[in-house]
Structure formats: structure tokens, C-alpha cells
Amino acid sequence: FPGLADVSISQDIPVEGEITVPVGSQSPDEDYSTLDEPVKDTIMRDLKAVGKKFVHVMYPRKSSALLRDWDLWGPLVLCVSLALMLQGGSADSKDDGGPQFAEVFVIIWFGAVVITLNSKLLGGTISFFQSLCVLGYCVLPLTVAMLVCRLVLLAGAGTVSFIIRLIVVGAMFGWSTLASTAFLADSQPPNRKALVVYPIFLFYFVISWMILTFTPQ
Amino acid sequence: ITCLVMYLFAEFDDAANLLAANPDATTISIDEPVEIPKNQHSRLQEPGREEDDELLGTDDSDKTELLAGQKKSAPFWTFEYYQTFFDVDTYQVLDRIKGSVFPVPGKNFVRLYIRSNPDLYGPFWICATLVFTIAVSGNLSNFIIHLGKPTYHYVPEFRKVSIAATTIYAYAWLVPLALWGFLMWRNSKVMNIVSYSFLEIVCVYGYSLFIYIPTAILWIIPQKVVRWVLMVFSLCLSGSVLVMTFWPAVRDDNRRIAVATVATILLLHALLAVGCLAYFFDAPELDFPAPVIPAHNGTTVITKSH
């Protein structure tokens, strides 16, 4: 090639440029990262979940939302508020009074754990925390009853107030038991349903008894 | 009988094939093929001997051992092991409760109802119900007794719940433990035909406590006579269940030891009932000083008029 003999490349010319590699769109994991969102969003989302479950308890239908996304915030809030409202009961000596804060806490949580273990040992298909979640959330009607009782007791402590309290606590006890049974009974084999429902009945009965026998100083 | 034997062989064949295919699988025993030939065999005996066998359990004690060995095959740290103690249906629990409340004379509770399937559901929840029933009834009865007095201020007495729970659960678990240890020790010295596993003893004790639940509710009635009649009645019923269960296990032993064992069982049972009545239920008569005064006035009026 005769023309090429003159071609000479100077050694001063730098070679520069840009190489771009086309990057795919952002990975889908980035959308689920909640680390960067404002704290208010996180709290509001959790509060909404808890609130939705409260609504499910007050109007128990066969929805699986309560079971699927379990959380224990609701039961904790209910347990603490119930135990706080049960304080200030009358006692000449500390021994004869109503339940202490720790006793209420232990009865509710230990009772819920025992009932869950019982239903799992009998062959239930529900998971441990789901059952705890349902039992804890279904304490809501009884907490409402405690609130009503305290308000009624502000007005007076006679026979009429006792009858009102009895009716309210009885109704809420029935509501709690029916609500939790509606969620939990389906996960049991059919010939053992009564064996699972009875401890739940006993559990809410004990809590109702604590609420009913609360007498202020 | 040949058909049953063929069925038995077929079952064992299938089980053997499955085991060969998957040697690590835990085998689950199938009850019916083993039970049927034994039951037919026992029916061929005279009825008198059959009752005795029911009481002694000789005809199915080795079946018991066999099934017991096959049932609890899961290691004790797995969840499945504990599930075998809850392998009861609703009607079975109700049957066992009925058997403890209406004891048939001559029938052994363990052989008749438990039949190598002791459960922990009954003892645990009957004890829990009894704890709360006694605490609630005691509280209610005290409230009713003290109702008219102006100085009385109602207290829930919640501390008594923990005391009741400790007492009843200790009784329902420690006494069977002690009894089981004692029976094992005697078994090593004297060859007893009947022996019970620890869980069966716990089962009998748990179910025998059931009669105290309605008794505790009826103890709310503030009459001393009524309470003592109820106590004696329930003590007779549950005591007879215990005696009929444990007498066959000790009667081959030295006479004095056998009688002493049964007497101790009954004594502890009575102690529990009396203790609960005395501690949780206030006595009804101590709180009515008022009726004395009008009689005094009446007598003074009469003497004055004379």
C-alpha cells in the first residue's frame, strides 16, 4: 500500500474519550426500603395496621387480615391500659386487694401463651404469634368494659351501678369470646373444637372477673 | 379370624415396604389390627374372670406396654413428643370426666377409660378451672355472708388465687410423683401384676379432682351442714375412683403396707378438700351477733310484766 507509507502517528496525541455502559433500571428492592422515609410515615403505617385490626375485632368477620399480618403492638397497649385501669383498687392491707399490675400482665400474657400452646398441641394449624395476636386483640371489648365500669363507679357504687357493670362486663365477655373463637376455631380439627374453645372461655372469664370485682378506694 | 390375620400381614407388609423405602421414617402404630384379636380372645373367657381381668388389666397389660413403646417414639426435645399427650378428642375427655364422677364399682378407671392413652389436657385444665372456681366461689361466699354488716368493705382477695394455684397444682403433680416412686419401689420388692406409668397416675388424680368443681360452686351456700354434706359426698366419689384404681396395684403386697398406702391416698385427698374449705370459705356462723340482743330484751320484758 503505497499511501500508507507516509502515515505517521504522532506520539503526543492523547487518546481520550468516554465509555458508557447502559445500566438497567433500579432494582425492585429499592422500592421496599423504608429506611429513607420520614418517621411519621412509618408510625402512621403501623398505627393504621393496628387500627384496622381493632376494627376487625369489633366487627368480627371471617377475614384473614388479622391472622396474616400479626403484630403485638395492639395487645401490648391493651394489656398495659387494662392493668393501669385496674390499679387504685381498695385494700386495707396489700394482701387482700385487687390484682397488682404485674399480676394482670402475667395473667394476660401467660394465659395467652398457655392457650396457644394448648391449641398447637391439640393439632391446630395456626402459628404461635398469630394466635397470641388474636387473643391479645380480642381483649379490646373487655378494656372498653373496664373504661365504662370506671366511669360508672365515678357516679356511685350502689346496687344499680353494680347491675349496670354486670350487664356491660357480661356483654363484653361474650363479645370477646365470640370474636376470638371466630378467628381461632377454624384452624382446629373439628372433633377437638370444644377442647380449644373452653380455655379461651376460661381466660376471658378470669379477666372479666377481675374487671367486675374492681372496687375503688 | 383368618381374614383378620391376612389383614394383619398385609398391614405389616405395607409397613415393611415403607420402612425399606425410607428407613428414617418414624412408624406410627395402627391400633385396630392389634386390638381386635385380643378383644375377641378376652370375650371367650367367662364373664366373672373378665371382670377380674378388667380390674387387674392382665389381658392387656402387655398390649399396653407394646402400644406405649410404639406411641412415644419421638425424642423428648421435639414438639411431636408432647403432642402425643394431647391426642384426645372432645368425646374422650367428656367420657373420662363422666367416669370420674360416676364411678362404676369394680371397674378400674385407668383400664376402662385411659387405656394406654393418658392425656395431659384433662388434668391441666381441670386443675386450672378448679383454682379459679375455688377463688371466685370463696370470694362470692364471703361477700354474701358479710353482706348486711355496715363495717364490711368488699375486697377482691386476689392474692388467694396464687395460693390456690400453688396448692392445687402441687397436689395434682407432686402426690402422683411420690405415689409413682413408692409403687416403683414396692414393685422392685414384690412382683405386682398391675403397674401404672407416671402419666396414668397424673391422669387419674387430675380427673378425680373434677367433682370438686361443682362442689366448690355449691359451697357458696352459707350453711355449715350443707357444706359438710357436700364435702363428704364428693370425697366419697373421688376417693372411690382413687381406691378402685390403686387397690389392685398394692393388694399383692404386705397387707399392712397396702392398707397404709390406700389410707394415705385418701387422707391426702381429704386434707386437700378440708383445707380448701377452711381457707377460702369463711365460716357462716361467726358473723351474726345481732340475734342475741332481741331475745335478751324479750326476757327482760317478760320478767318485768310478772
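Figure 1. Among contacts in chain A between residues at least 6 apart in sequence, 75% link residues at least 24 apart. This is a predicted model, so keep that in mind while browsing the close-ups. Chain A has nine helices and zero strands, and reading from the N terminus the elements simply go α-α-α-α-α-α-α-α-α. Of its 217 residues, 41% count as buried. The accessible surface of chain A is about 12700 Å², with 67% of that belonging to carbon and sulfur atoms.

Figure 2. Why is helix α6 (residues 128–137) of chain A described as largely enclosed by the rest of the structure? Because eight of its 10 residues are buried. Those buried residues of α6(A) are Gln130(A), Ser131(A), Leu132(A), Cys133(A), Val134(A), Leu135(A), Gly136(A) and Tyr137(A).

**Figure 3. Where chain A meets chain B.** The contact draws 31 residues from chain A and 25 residues from chain B. Between them the two chains bury about 2700 Å², and 65% of this lies on carbon and sulfur atoms. On the polar side of things, nine residue pairs are in polar contact between chain A and chain B, with both partners at pLDDT 80 or more. Which helices of chain A each supply at least two residues of the side that touches chain B? They are α5 (101–121) and α9 (193–212). The one that gives the most is α9(A), with nine residues. Sorted by class, the side of chain A that touches chain B holds 15 nonpolar, nine polar and seven charged residues.

**Figure 4. A salt bridge across the interface.** Zoom in on Arg192(A) and Asp89(B), whose side chains meet in a salt bridge at 3.0 Å, N to O. In total, the rule finds three salt bridges across the interface of chain A and chain B.

**Figure 5. Arg96(B), an arginine under cover.** Arg96(B) sits in helix α6 (residues 90–101) of chain B. Is Arg96(B) buried or exposed? Its relative accessibility is 2%, and buried means under 20%, so Arg96(B) counts as buried. Setting aside neighbours within four places in sequence, Arg96(B) is in contact with Val88(B), Phe109(B), Tyr113(B), Ile114(B), Asn117(B), Pro118(B), Asp119(B), Cys203(B) and Tyr207(B).

Figure 6. Pro103(B) lies in the loop between α6 and α7 (109–114) of chain B. Take Leu242(B) as a reference point: Pro103(B) and Leu242(B) are 139 residues apart in sequence, yet 9.8 Å apart in space, C-alpha to C-alpha. Leaving out neighbours within four places in sequence, the residues in contact with Pro103(B) are Leu237(B), Ser240(B), Val241(B) and Met244(B).

**Figure 7. Glu157(B), a loop residue with a positive phi.** Look between α8 (121–145) and α9 (159–189) of chain B, and you'll find Glu157(B) in the loop. Its phi is positive, about 50 degrees, although Glu157(B) is not a glycine. For context, most residues other than glycine have a negative phi.

Technical notes. Residues are numbered from 1 along each chain as its sequence is written. Chains are lettered from A and ligands numbered from 1 in the order in which they are written. This is a predicted model: local features need pLDDT of at least 70, side-chain atom pairs count only at pLDDT 80 or more; totals for chains, interfaces and linings use all residues. Side-chain values use heavy atoms; hydrogens and water are left out. Helices (H or I, at least four residues) and strands (E, at least two) are DSSP runs, numbered from the N terminus. Buried means under 20% relative accessible area, exposed over 50%, partly exposed in between (1.4 Å probe, protein chains only). Contact means heavy atoms within 4.5 Å. Accessible areas come from the Shrake-Rupley method with a 1.4 Å probe; for residues, only the protein chains shown count as cover. Buried area is the accessible area (1.4 Å probe) that two parts lose on being put together, summed over both. A salt bridge is a side-chain nitrogen of Lys or Arg within 4 Å of a carboxyl oxygen of Asp or Glu. A polar contact is a pair of N or O atoms within 3.5 Å; within protein, one must be able to donate a hydrogen and the other to accept it, and residues adjacent in sequence count only if both atoms are side-chain atoms. Ala, Val, Leu, Ile, Met, Phe, Trp, Tyr, Cys and Pro count as nonpolar, Asp, Glu, Lys and Arg as charged, and the others, Gly among them, as polar.
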